[in-house]
Amino acid sequence: MSAENLLELASRLEPLISTFNPPPVYWIGNGGEGLDYCFACCKALVDDHNKKRSATDAKWVVDGGWDAQRENDGPASCDACSKTLGYTLTQCGVAQEIDHFQQHPPTSPLDPDTAYAIGAILDEAAYSDCAEVVDAAMKIGAAAIAALPEELISDDSLDCDTAAS
Ligand SMILES: [Zn+2]
């Protein structure tokens, strides 16, 4: 029941989320510090290292990029340019994100980046058996929908009014 409600909320955010298509996570293979990057930043770092490396240094490669939504303990972003990367949240990540949005509720008009972050919460919370998480996610989802830009609000009661007039 609650899970359905969460997915229903998520589907109402979908028109906005679908305008935001974060790139997959890349990382440096054969070296680096295991950080997440967008492709452009990862390639720039790899090229730079390979140009400057001494004969004994390992040759770096661009790795990753196959997982459009890697499971993460929090929102994924490029360590170099801070661009949001595709992710889904772990249960631990959901708890942290709920905490974040309880302290910083979504503001109107909702932007695609935030809609994506809240969609990730709703998607994962739908599979939570913790009532507290489901409840908190419902509130954040409802706040997000209330903050949707006007042209993206799909209000059923509005359809009824139009049909009646
Ligand atoms: Zn980047």
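## Basis

Residue numbers start from 1 along each chain as its sequence is written. In this predicted model, local features need pLDDT of at least 70 and side-chain atom pairs count only at pLDDT 80 or more, while totals for chains, interfaces and linings use all residues.

## Overall fold

The protein chain has six helices and four strands. Helices (H or I, at least four residues) and strands (E, at least two) are DSSP runs, numbered from the N terminus. Their order along the sequence is α-β-α-β-β-β-α-α-α-α. The radius of gyration is 20 Å, well over the 15 Å that the globule rule gives for 165 residues, so the protein chain is more spread out than a compact globule. That radius is taken over C-alpha atoms; the globule rule is 2.2 Å times the number of residues to the power 0.38. The C-alpha trace spans about 75 × 35 × 25 Å along its principal axes.

## Domains

The domain assignment gives domain 1 (2-22 + 68-152) and domain 2 (26-66). Such bounds come from an automatic or database domain assignment. The C-alpha centres of the two domains lie 30 Å apart. Seven residues of domain 1 are in contact with five residues of domain 2. Contact requires C-beta atoms, placed from the backbone, within 7 Å.

## The largest nonpolar core

The largest nonpolar core holds 39 residues. Such a core is a set of buried Ala, Val, Leu, Ile, Met, Phe, Trp, Tyr and Cys residues joined through C-beta atoms within 7 Å. Leu 13, Ile 98, Ile 118, Ile 121 and Ala 137 touch the most other members. Helices H1 (2-17), H2 (39-52), H3 (91-103), H4 (112-125) and H5 (131-146) each supply at least two residues, as do strands S1 (26-29) and S4 (87-89). H4 gives the largest share, eight residues. Domain 1 and domain 2 both contribute, so the core lies between them.

Leu 13 touches Ala 115, Ile 118, Gly 119, Ala 144 and Ile 145, not counting residues up to four places away in sequence.

## Helix H3

H3 has 13 residues. From first C-alpha to last it reaches 19 Å, close to the 18 Å expected at 1.5 Å a residue. The expected span is 1.5 Å times one less than the number of residues.

Gly 93, Val 94, Ala 95, Glu 97, Ile 98 and Phe 101 of H3 are buried. A residue is buried if 20 or more other C-beta atoms, placed from the backbone, lie within 10 Å of its own. The buried residues of H3 pack against strand S3 (70-72), S4, H4 and H5.

Key:
A residue is buried if 20 or more other C-beta atoms lie within 10 Å of its own, exposed if 12 or fewer, and partly exposed in between; C-beta atoms are placed from the backbone. Two residues are in contact if their C-beta atoms, placed from the backbone, lie within 7 Å.
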